[in-house]
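Please keep the structure in view while reading.

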Amino acid sequence: MSTGRKWRSDTFLFVASAALLLGSTAALFAWLTFSPFPKPLPPSSLGCLPDGEGSWSVGLFYGRSPLSLRPIESVIPSSLSFGFDSSVGLTFLILDCGMCLGAAGILQWNVWSNDTAAWPVANPVVTCASASDAGFPSNFVADPFLFIQGDVLYLFFETKNPITLQGDIGVAISNDKGATWHHLGIALDEEWHLSYPYVFSYQDQIYMMPEGSKKGDLRLYRAVEFPLRWQLEKVILQKPLVDSFIINYRSHFWLFGSDFSAPGAKKNGELEIWHSSSPLGPWSPHKQNPVHNMDKSFGARNAGRPFTYDGELYRPGQDCGDTYGRRVRLFKVNVLTKDEYEEVEVPLGIDEPQKGRNAWNGARYHHLDVQQLTTDRWVAVMDGDRVPSGDAVRRLVIGYTSFGAAIALVMLSGVLLSAIKCNLRLSRCLPLSTRRSGLTGAAQERHFQLYSKLRWLFSHLNKMTSHFRSGGIRPNTCIGRSVLALLFLAVVTLTCVGTYYVYGGNGAEEAYSLKGHYSQFTLLTMTYDARLWNLKTYVKHYSRCSSVREILVVWNRGQPPNVSEFDSTVPVRIRVEKRNSLNNRFNVDPSIQTLAVLELDDDIIMPCDDVERGFKVWRDHPERIVGFYPRLAEGRPLKYRDEKYARRRRGYNMILTGAAFMDHRLAFGRYWSQEAKIGRNIVDEYFNCEDVLMNFLYANVSSSRKTVEYVKPSWAVDTSKFSGVAISRNTQAHYEVRSDCLAKFTEVYGDLAANKWRFGSRKDGWDA
């Protein structure tokens with residue numbers, strides 16, 4: 001074989017091997033890191049597309065003061081008490097609150113009236129998915145404004161059209177205090193971008209003043225048929241104002257807005273004021289205009305509707321420091337006259353999100369509309385986003401840059417190993433370099449200068465590669481092996497980084513909606529003092545999951561820790577039990593503020609996405625036990641079998657309640673009914689089988705209806721293996737005890753094996 005052919009063969013073999021290495025590394029990283037269960041797309045595939053502007057959605061807040069607002073999921077009944085019906089073994093809640101029970105027993109303010117959904121209803125209440133599902137495709141919803149008519153709430157907002165890629169004004173309606181929203185359609189669609197739909201009433205007319213700065217002016221529209229038909233009333237200013245509002249304050253009308261096109265104006269840091277005797281104008285400029293022209297982080301740009309409280313005027317402003325729309329800041333206006341303006345910042349009164357990208361507003365929130373209801377309550381809407389501005393573009397840049405760097409290091413390795421020989425010839429790259437007869441004198445001069453610079457560059461590159469080849473790497477030496485190992489590690493790391501940023505999405509493990517709505521659940525675990533290390537890891541991890549509202553620790557034995565010892569983004573409550581019993585796991589607890597409880601052992605760690613998928617399935621079937629560990633009881637007498645056996649037999653009839661969702665009213669009521677007393681005594685006798693008993697109690701209700709549901713986790717880790725405090729370390733003995741329990745429970749509650757449910761029977765594929 002000639003030298004040239006051998007060189008080309010070596011080069012091809014090296015490049016092919018490197019490509020196989022990079023591809024395998026990326027595939028393995030994706031398999032280990034990414035969930036195998038993609039999120040379901042909305043019915044309208046046009047909506048919720050990845051967008052460099054973000055994934056804005058809208059949340060609802062309530063409070064007795066506009067300076068102290070709580071999200072809708074935190075607006076709970078003031079007291080909860082349990083009633084018990086021994087005839088059916090069910091527990092029900094007796095609710096006592098000043099703002100909860102409405103007509104027909106519908107729990108308003110924080111409870112969805114749909115019987116199949118969990119409560120409390122949680123933010124966000126309006127999303128691109130809910131708009132798209134309703135037939136109005138949207139990439140995001142933002143800039144929300146409320147208009148209240150009696151008990152009816154109208155919500156106007158910017159919705160980004162995924163086809164025209166411009167903002168339109170959408171509108172939705174709620175008849176249950178904001179728990180559910182029905183999208184009515186597009187209220188205003190112009191040929192230019194629209195946003196910030198400031199809606200207000202004046203002299204029995206309803207007006208909208210959206211931002212349309214792309215048109216170069218500020219326009220006022222009047223409702224012809226509220227809320228969907230509007231007509232242009234007047235162009236009130238020939239200025240491209242951004243995020244403007246009008247307020248009647250001390251018998252005068254004031255218009256606040258930002259003109260970033262003005263000479264010397266600082267983007268997102270400029271604010272101007274005009275005044276008039278009517279919202280229709282004419283408008284006169286404030287003497288101090290611009291009243292603000294400062295750093296974009298100081299809140300000059302408006303961030304929603306102003307409001308008055310206790311005779312004081314407040315203005316929300318945007319902090320755009322780290323990213324566009326980073327957060328809302330609130331300012332109390334101390335002086336507002338035609339000649340002077342003065343304001344001072346005050347606390348916003350809304351807690352900062354703590355769950356990072358798992359929170360719907362974890363990265364930024366930039367718009368707030370607060371209004372007073374007919375009662376002494378206040379209602380507010382706020383938009384939020386889980387990623388900063390330009391996140392999608394940033395991820396692609398980082399990802400492809402990492403891939404490029406990995407390829408460059410592979411090529412460098414080939415040169416060092418003499419597998420790739422590089423000799424750049426300028427004549428091949430620029431064959432026209434010697435044919436300049438058709439060029440003018442100036443063109444010839446420019447061409448000659450370019451040719452000279454390229455010749456210098458190619459010459460130095462050839463010298464560099466020649467130096468690398470002459471120095472080479474000898475793989476059989478310590479230095480050579482070290483250099484190759486470092487290059488290999490760098491290539492693998494860069495490939496993983498590139499895969500993560502290009503294919504890994506935004507990194508959020510967010511909640512799954514049901515019919516466009518979200519909810520929350522209580523995480524409950526039972527433990528004791530020897531497992532504190534497990535518990536701290538457990539709390540830190542799961543408190544970041546989007547739908548977790550509270551973590552309840554059932555403390556069975558030993559000195560309980562102080563809640564301040566935990567790194568948690570949600571409240572942690574420790575319930576100390578009087579005696580060490582596994583029955584304590586299902587004790588009726590009136591302080592639980594959600595319908596759903598996730599019973600999860602403290603030694604199980606799984607991704608938040610798996611938890612959220614399980615919660616979604618339970619919300620579809622709240623009458624069932626929905627969990628992650630299936631078991632099969634079969635034979636005569638019944639034998640307790642693990643998941644591998646169940647899969648071989650292609651079915652299951654039990655779900656371990658050590659990792660399962662349930663309706664705590666239903667489940668705990670059944671567990672503590674008189675009929676379950678014998679079973680509870682057996683649990684105490686064996687110090688085992690409490691989850692088996694719960695499965696019997698569910699199955700005993702009906703033999704014809706499915707009572708358990710399996711959800712496959714993408715992965716799970718048993719942390720007790722690292723601390724040596726696993727409760728069931730002898731698996732064989734543990735299973736024998738459970739088989740004994742099966743025999744005793746069967747005598748009392750009937751045959752659990754009457755039903756067996758197939759794996760892979762659901763359309764979502766999550767039970768494969």
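Is Cys-689 buried or exposed? Cys-689 is buried, because its relative accessible area is 0%, and buried means under 20%. The model is a predicted one.

## Three disulfides

The structure contains three disulfides. They are described below one pair at a time.

## Cys-689 and Cys-741

Cys-689 forms a disulfide with Cys-741, and the two sulfur atoms are 2.0 Å apart. The angle about the S-S bond is 80 degrees, and the link is right-handed. This pair links distant parts of the chain, 52 residues apart. Cys-689 sits in the loop between helix 11 (677-686) and helix 12 (690-699), while Cys-741 belongs to helix 14 (residues 731-749).

Cys-741 also has a relative accessible area of 0%, so Cys-741 is buried.

## Cys-545 and Cys-608

A disulfide joins Cys-545 to Cys-608, with 2.1 Å between the sulfur atoms. Here the angle about the S-S bond is -80 degrees, and the link is left-handed. The pair connects distant parts of the chain that are 63 residues apart. Cys-545 is found in the loop between helix 7 (532-542) and strand 27 (548-555), and Cys-608 in helix 8 (residues 608-620). Both Cys-545 and Cys-608 are buried.

## Cys-48 and Cys-128

Cys-48 and Cys-128 make a disulfide in which the sulfur atoms lie 2.2 Å apart. The link is right-handed, with 120 degrees about the S-S bond.

Cys-128 is buried, because its relative accessible area is 13%.

## Two further cysteines

Cys-320 and Cys-478 can be sorted by accessibility as well. Cys-320 has 2% relative accessibility and therefore counts as buried. Cys-478 has 55% relative accessibility. Exposed means over 50%, so Cys-478 counts as exposed.

## A nonpolar surface patch

Which residues make the nonpolar surface patch of about 390 Å²? Leu-28, Trp-31 and Leu-32 make this patch. Leu-28 is part of helix 1, which covers residues 3-33.

How values were computed:
Residues are numbered from 1 along each chain as its sequence is written. This is a predicted model: local features need pLDDT of at least 70, side-chain atom pairs count only at pLDDT 80 or more; totals for chains, interfaces and linings use all residues. Side-chain values use heavy atoms; hydrogens and water are left out. Patches are made of residues with over 30% relative accessible area and no salt bridge: like charges are joined within 9 Å, nonpolar side chains (Val, Leu, Ile, Met, Phe, Trp, Tyr) within 5 Å. Accessible areas come from the Shrake-Rupley method with a 1.4 Å probe; for residues, only the protein chains shown count as cover. A salt bridge is a side-chain nitrogen of Lys or Arg within 4 Å of a carboxyl oxygen of Asp or Glu. Helices (H or I, at least four residues) and strands (E, at least two) are DSSP runs, numbered from the N terminus. A disulfide is a pair of cysteine sulfur atoms within 2.5 Å. Buried means under 20% relative accessible area, exposed over 50%, partly exposed in between (1.4 Å probe, protein chains only).
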